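Me: I want to go through this model term by term. Tell me what each label rests on.

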Amino acid sequence: MRVRVKCCGITRVEDALAASRLGADAVGLIFTRRSPRYVDPRQAAAIRMALPPFVTAVALFMDDDVAWVAQVLNAVKPDLLQFHGAEPAAFCEIFARPYLKAVPMATVGDLGAYAAAHPRAAGFLLDAHAAGEAGGSGCTFDWTRVPRDFPRPLVLAGGLTPDNVGDAVRATRPWGVDVSSGVESAPGVKDEAKLRRFLDEVRRAESGLFDADGRG
Ligand SMILES: O=C(O)c1ccccc1NCC(=O)[C@H](O)[C@H](O)COP(=O)(O)O
């Protein structure tokens, strides 16, 4: 199966277009103001409108309040939400939109129990949350902790780069991968050459995952 790629922390139309052209499936727009990759809703709406068909716009929040999430949804109309903090399922479900729930792998021991607490999540984004960092830290976590054959989609995140994403895909066989700082020249500014190499490495690794019958 193809490994989906999300490029997170997009703040510029040109980076969203480059990611789409190179084959990214989704772009992440960060609306939590603590992030150096924060994008204001008006700029985010312009990015969202520029996306070609079939590229998903993901709106990321982290322990933000209901009014702010609702305001962003109204302005940007993203396809998918991502809750990156300690939001319980009851909060994530208020907006009646499909959502990804981030899992802080530094503190979560039992992924099954965590997932069970979010029965309606479309999938789970496994991030390092290393040393108190909320995201975009560039830190990896122990990939042997990613279960094979988990019954729900898992997106591997945290410290992925063009140099390590091939090993990461082979080690974890995820539904998708998420990258932010590993393809940047500065926070919120993507580097097209790094992005191209990242996507090439994902495609190379995923092609090696299939057996002669085309099964993963
Ligand atoms: O990227 C940020 O600045 C950020 C800030 C606060 C909460 C979440 C944030 N990013 C979340 C993401 O989805 C990142 O893509 C993910 O943490 C991976 O980042 P990186 O290790 O830099 O690839």
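Me: What makes S6 and S7 a pair, and in which sense do they run?
Reply: Two strands pair if DSSP finds at least two bridges between them. Strand S6 (residues 123-127) and strand S7 (residues 154-156) are joined by 3 bridges, in the parallel sense. Leu-126 is placed opposite Leu-156 in S7. Helices and strands here are DSSP runs numbered from the N terminus: helices are H or I with at least four residues, strands are E with at least two.

Me: What should I know about the model and the numbering?
Reply: This is a predicted model, in which local features need pLDDT of at least 70 and side-chain atom pairs count only at pLDDT 80 or more, while totals for chains, interfaces and linings use all residues. Residues are numbered from 1 along each chain as its sequence is written.

Me: How do you know that S1 pairs with S8 and with S2?
Reply: By the bridges again. Strand S1 (residues 4-7) has 4 bridges to S8, and the two run parallel. Lys-6 sits opposite Asp-178 in S8. S1 and S2 have 2 bridges, also in the parallel sense. Cys-7 faces Val-27 in S2 across that pairing.

Me: What kind of sheet do the strands form?
Reply: A closed barrel of 8 strands, with parallel pairing, in the order S1-S2-S3-S4-S5-S6-S7-S8. On average, neighbouring strands are turned by 25 degrees against each other, direction ignored. Strands of a sheet pair through backbone hydrogen bonds.

Me: Why is H1 called roughly parallel to H7?
Reply: The axes of helix H1 (residues 13-22) and H7 cross at roughly 25 degrees and come within 10 Å. Axes are lines fitted to C-alpha atoms, for helices over the stretch in contact, and angles run from 0 to 180 degrees between N-to-C directions. Angles under 35 degrees count as roughly parallel, over 145 as roughly antiparallel, 65 to 115 as roughly perpendicular and the rest as oblique. So H1 is roughly parallel to H7. Ala-18, Ala-19 and Leu-22 of H1 touch Glu-192, Leu-195, Arg-196 and Leu-199 of H7 (contact: C-beta atoms, placed from the backbone, within 7 Å). That contact has 5 nonpolar, no polar and 2 charged residues. Ala, Val, Leu, Ile, Met, Phe, Trp, Tyr, Cys and Pro count as nonpolar, Asp, Glu, Lys and Arg as charged, and the others, Gly among them, as polar.

Me: Why are H2 and H3 called oblique?
Reply: Helix H2 (residues 41-50) and helix H3 (residues 66-76) pack at about 40 degrees, with axes 9 Å apart. That angle makes H2 and H3 oblique to each other. Pro-41, Ala-44, Ala-45 and Arg-48 in H2 meet Gln-71, Val-72, Ala-75 and Val-76 in H3. By class, this contact of H2 with H3 has 6 nonpolar, 1 polar and 1 charged residues.

Me: Which hand does the crossing of H2 and H3 have?
Reply: Right-handed. A crossing is right-handed if the near helix is turned clockwise from the far one by less than a right angle, and left-handed if anticlockwise. The crossing of H1 and H7 is right-handed. The crossing of H6 and H7 is right-handed.

Me: What makes a residue count as near the ligand, and which come nearest?
Reply: Its C-beta atom, placed from the backbone, must lie within 6 Å. Of the 27 residues around the ligand, Cys-8, Gly-135, Gly-136, Ser-180 and Ser-181 come nearest. Strand S2 (26-30) and strand S8 (176-179) each give two or more residues to the shell. The shell splits into 9 nonpolar, 14 polar and 4 charged residues.

How values were computed: Two residues are in contact if their C-beta atoms, placed from the backbone, lie within 7 Å.
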